[in-house]
Amino acid sequence: MKSVGSLLSCIFKDLGIEDKIKLSAMQAQWHNLFNEPLSLHIYPVEIKDDELFINVDSPAWLGQLKFFTQDIIKKLQAYNVHSVRFKYGRVYSKRFKDSRDQGIRGVKHLNHRTINPSDIEWINQTVSDIDDADLKEGIRKAIEKSISTK
């Protein structure tokens, strides 16, 4: 008998959203995975074929990260990441939850977008073949969260 996790993994892979869910989970834990100052200067933006693309906020950090590559990969083993690629780009922070917080200069905050009717239609079509009501609702919520945090 297969575990629920392995069944969900197969479903997510069939739907083509496995990497997006993995990336979303990784982004949510990013500041727990890596300590400051590293976590303030790098942020995962894409995962494809077990390769993680990480934005870096400055050319100086971009140059230094070659020394941390193996350590970063080792910390991301739980997410089945086998290689990383760094690129200069925008770094996001979920660190400050309260809008009254000042944040850190130069660190952008994640933008949330509302889910539009075409997104809802696509989500409903995606989960329509799932018979288990709890599983269907769980997958629906995961997809909605992934879409809203893009």
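**View 1. E51 is found in strand 2.** Helices (H or I, at least four residues) and strands (E, at least two) are DSSP runs, numbered from the N terminus. The model is predicted, so local features need pLDDT of at least 70 and side-chain atom pairs count only at pLDDT 80 or more, while totals for chains, interfaces and linings use all residues. Residues are numbered from 1 along each chain as its sequence is written, and side-chain values use heavy atoms, with hydrogens and water left out. E51 counts as buried because its relative accessibility is 17% (buried: under 20% relative accessible area, 1.4 Å probe, protein chains only). Leaving out residues up to four places away in sequence, E51 touches E46, S83, V84 and R85 (contact: heavy atoms within 4.5 Å). E51 and V84 are 33 residues apart along the chain, and their C-alpha atoms are separated by 5.4 Å. The side chains of E51 and R85 make a polar contact (3.3 Å); such a contact is a pair of N or O atoms within 3.5 Å, where, within protein, one must be able to donate a hydrogen and the other to accept it, and residues adjacent in sequence count only if both atoms are side-chain atoms.

**View 2. N55 lies in strand 2 (residues 51-56).** N55 is buried, with a relative accessible area of 8%. A polar atom of the N55 side chain lies 2.9 Å from the backbone oxygen of R90. Beyond neighbours within four places in sequence, the residues in contact with N55 include H41, Y43, K87 and V91.

**View 3. Buried residues of helix 7 include I139, R140 and I143.** S146, I147 and S148 of helix 7 are also buried. At the start of helix 7, the backbone nitrogen of D134 is within 3.0 Å of a side-chain oxygen of D132.

How values were computed. Buried < 20%, exposed > 50% of the residue type's maximum accessible area, 1.4 Å probe, protein only.
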